[in-house]
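This report is meant for a reader who meets the structure for the first time. Please look through the sequence and the model before reading on.

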Amino acid sequence: MAIVRYNPLSELRSMQDKMNRLLDLAWTREIGDEIREGVWHPPADVYESNAAVTIKIELPDLDLSDIEIRAEEHTLTIKGERKHSEEIRKENFHRIERYFGPFQRSFAVPPEFEAAGFKASCDYGVLTIVIPKTITVEIT
């Protein structure tokens with residue numbers, strides 16, 4: 001048996017991440033029945049290159065056809081729902097740690113990006129959305 005050093009900061013980071021998600025939910029929409037229904041926010045990475053901005057979102061067990069992506073004005077919205085497998089009944093689970101149910105993420109898109117011209121792909125449970133810039137600007 002290996003001795004593992006206790007790190008209280010890892011628990012604080014985990015608690016901070018959970019609180020940030022809860023506060024993000026509170027600021028973006030009314031808190032109510034959605035929390036009880038299992039609304040969750042898949043984690044996302046957003047990064048920029050000279051020609052585009054890329055958004056990567058973890059969506060295990062979902063295909064691109066299961067996800068709705070809309071570009072309206074300067075907002076990109078991703079919606080969908082991850083359902084329990086019908087092959088396994090809830091009573092048969094010993095532990096459920098992954099989130100299930102509906103989800104929605106919205107991202108503000110600056111005017112220099114062409115939100116309607118996005119390209120999306122979903123490989124290995126990661127949704128990748130590339131939004132091209134209308135004007136290429138050198139990042140230094």
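## Terms and confidence

Strands, labelled E, are DSSP runs of at least two residues, and they are numbered from the N terminus. The model described here is predicted, and the mean pLDDT of the chain is 81, with 82% of its residues reaching 70 or more.

Confidence is highest in E7, at 95, and lowest in helix H2, which covers residues 33-37 and has a mean of 42. Over residues 30-38 the pLDDT is below 50, and in the model this stretch has nine contacts beyond near neighbours in sequence. Where pLDDT is low, the predicted coordinates should not be read in detail.

## The four-stranded sheet

Four strands form an open sheet in the order E1-E2-E7-E6, and their pairing is antiparallel. Strand E1 (44-48) and strand E6 (119-123) are the edge strands, each of which pairs on one side only. On average, and with direction ignored, neighbouring strands of this sheet are turned by 15° against each other.

Between E1 and strand E2, which spans residues 52-58, the antiparallel pairing runs over five bridges, and Ala44 has Ile57 in E2 as its bridge partner.

## Two buried residues

Thr54 belongs to strand E2. With a relative accessible area of 11%, Thr54 is buried, because buried means under 20%. When its neighbours within four places in sequence are left aside, Thr54 is in contact with Asp45, Val46 and Tyr47, as well as with Thr128, Ile129 and Val130.

Lys133 is found in the segment that follows strand E7 (126-132). The relative accessibility of Lys133 is 10%, so this residue also counts as buried under the 20% limit. Its side chain makes a polar contact, at 2.8 Å, with the side chain of Glu48.

## The three-stranded sheet

A further open sheet is made of three strands in the order E3-E4-E5, again with antiparallel pairing. Here the edge strands, each pairing on one side only, are strand E3 (67-72) and strand E5 (101-108). Neighbouring strands of this sheet are turned against each other by 15° on average, direction ignored.

Strand E4, which covers residues 75-82, pairs with E5 in the antiparallel sense over eight bridges. Within this part of the model, Lys79 has Gln104 in E5 as its bridge partner.

How values were computed
Residues numbered from 1 in each chain as written. Predicted model: local features only at pLDDT ≥ 70, side-chain atom pairs only at ≥ 80, totals over all residues. Heavy atoms only, no water. Buried < 20%, exposed > 50% of the residue type's maximum accessible area, 1.4 Å probe, protein only. Polar contact = N/O pair within 3.5 Å; in protein donor to acceptor, adjacent residues only side chain to side chain. Pairing = 2+ DSSP bridges. Axes fitted to C-alpha atoms, helices over the stretch in contact; angles between N-to-C directions. Contact = heavy atoms within 4.5 Å. pLDDT = per-residue confidence, 0-100.
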